[in-house]
Amino acid sequence: MERFLARTREFDLGKWEDAIAEVVHERRAFLDTATGNFDKFGRVVKALPKITPSTIDLDARAVTVGQAQDLDDATRAALVSGLETLCPWRKGPFNFFGTLVDSEWQSWMKWDRLASHLPRLEGRKILDIGSSNGYYMFRLAARFPLFVLGLEPQSSFYWQYMGVQKYLNQDNVFCLPVPYQRLPKMDGYFDLVFCMGVLYHRKSPVEMLRQIRDSLAPNGMIVLENLVIQGKNNRCLFPRDRYGKMRNVFFIPDLAVMESWLFRAGFRQIQCVDVSVTSLSEQRKTDWIQTESLKDFLDPKDPCKTVEGYPAPVRALFMARV
Ligand SMILES: C[S@@+](CC[C@H](N)C(=O)[O-])C[C@H]1O[C@@H](n2cnc3c(N)ncnc32)[C@H](O)[C@@H]1O
């Protein structure tokens, strides 16, 4: 966290320096006295063995650090045991010194759907809201942005990011363990904001889109990925209780509603670049997650429906400019 603040001048953070410093210091004080998972996972990451990777590859389906011959058997056993304690690995995959962490999500599939639509990223300031363990931030880092800043409030995912970063050591990738609402208002600052898999968790999606719009520099771009309902009928699903067993899902728009939200939030050049039904090859149970996965969220008699009877998950990818 402090690494980001240390680059204030280079990142042109002057106006927001004090407000960001306040968030960083508050979170540091929290982390230093944390109990529960923040403390437990933090100790695991600190205890991961020090290993210098001979190679790294950020531009591969499995973000890869090091090779098997970079470490001895005892070090490998300590590494694998630490990585296992950091389960569940939802986003990935990652390859740590020859050990494949086969995550629940094959995140490269989403990356492949979006990568060809991205603008040039050299020298850009990028925000990734809900960055999880940083899989997409590391894939973005391969394209030489000025920086990618992630926001990830959930302790296990934040510490997974810290574990990956311990070995990848990318000096233009950062993460703050805070929700988006806690980031100071940084109007006109970012060139690109990623908001993927987050909007349906918000009770006021348009308000969040407005805040993102305000935070973008002239000609800045949002990359928005969200659960949607197929079609353009100006309809929006609001689950009565759970959706796919998730408690915290609010609005699931159809494609027309999503466009209207973006338009009313002030975006232009709105493009839907992909609509994909989430498949059992993209989201599935592996040895690196102990919980249920997509198969358990679908009606066993009709996989076109969730267990609650709603349309099964479909995700759309939108890009739009200010
Ligand atoms: C479904 S995951 C999506 C992760 C990743 N962006 C992707 O597309 O694969 C949602 C992530 O957003 C985080 N999240 C939820 N609400 C958030 C908020 N208000 N601000 C920042 N992150 C949030 C969650 O902790 C979780 O890691």
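A residue is called buried when its relative accessible area is under 20%, exposed when that area is over 50%, and partly exposed in between, as found with a 1.4 Å probe and protein chains only. The structure discussed here is a predicted model, in which local features need pLDDT of at least 70 and side-chain atom pairs count only at pLDDT 80 or more, while totals for chains, interfaces and linings use all residues. Residues are numbered from 1 along each chain as its sequence is written, and side-chain values use heavy atoms, with hydrogens and water left out.

The account begins with the protein as a whole. Its secondary structure comprises 10 helices and 15 strands; helices (H or I, at least four residues) and strands (E, at least two) are DSSP runs, numbered from the N terminus. The radius of gyration, taken over C-alpha atoms, is compared with a globule rule of 2.2 Å times the number of residues to the power 0.38. For 322 residues, a compact globule would have a radius near 20 Å, and the protein agrees with this because its own value is 20 Å. Along the principal axes, the C-alpha atoms fill a box of roughly 60 × 55 × 40 Å.

Of the 322 residues, 56% are buried. A contact means heavy atoms within 4.5 Å. Among contacts in the protein with a separation of 6 or more, 71% are between residues 24 or more positions apart. The side chains include 43 positive and 38 negative ones, and the centres of the two sets lie 4 Å apart. In this count Lys and Arg are positive and Asp and Glu negative, while His and the chain ends are not counted; each charge is placed at NZ of Lys, CZ of Arg, CG of Asp or CD of Glu.

Strands of a sheet pair through backbone hydrogen bonds, either parallel or antiparallel. Here two strands are said to pair if DSSP finds at least two bridges between them. The sheet has four strands in the order β1-β2-β3-β4, with mixed pairing. Because β1 (56-57) and β4 (99-101) stand at the edges and each has a single partner strand, one side of each is left without a neighbour in the sheet. Strand β1 runs antiparallel to β2 (residues 63-65), and two bridges join them. Within this pair, Asp57 stands opposite Thr64 in β2.

The backbone also deserves attention. Most residues other than glycine have a negative phi, and most peptide bonds are trans. The bond joining Cys87 and Pro88 is cis, with omega about 5 degrees, and Pro88 lies in the loop between α4 (73-85) and β3 (94-96). Pro93 is found in the loop between α4 and β3, and the peptide bond from Gly92 to Pro93 is cis, with omega near 10 degrees.

Asp12 is located in the loop between α1 (2-5) and α2 (17-32), and is exposed because its relative accessible area is 53%. Phe144 is placed in the loop between α6 (135-141) and β6 (147-151); its relative accessibility is 60%, so Phe144 counts as exposed.

Thr306, in strand β14 (residues 302-306), counts as buried because its relative accessibility is 1%. Neighbours within four places in sequence aside, Thr306 is in contact with several residues, including Tyr243, Phe297, Leu298 and Pro311.
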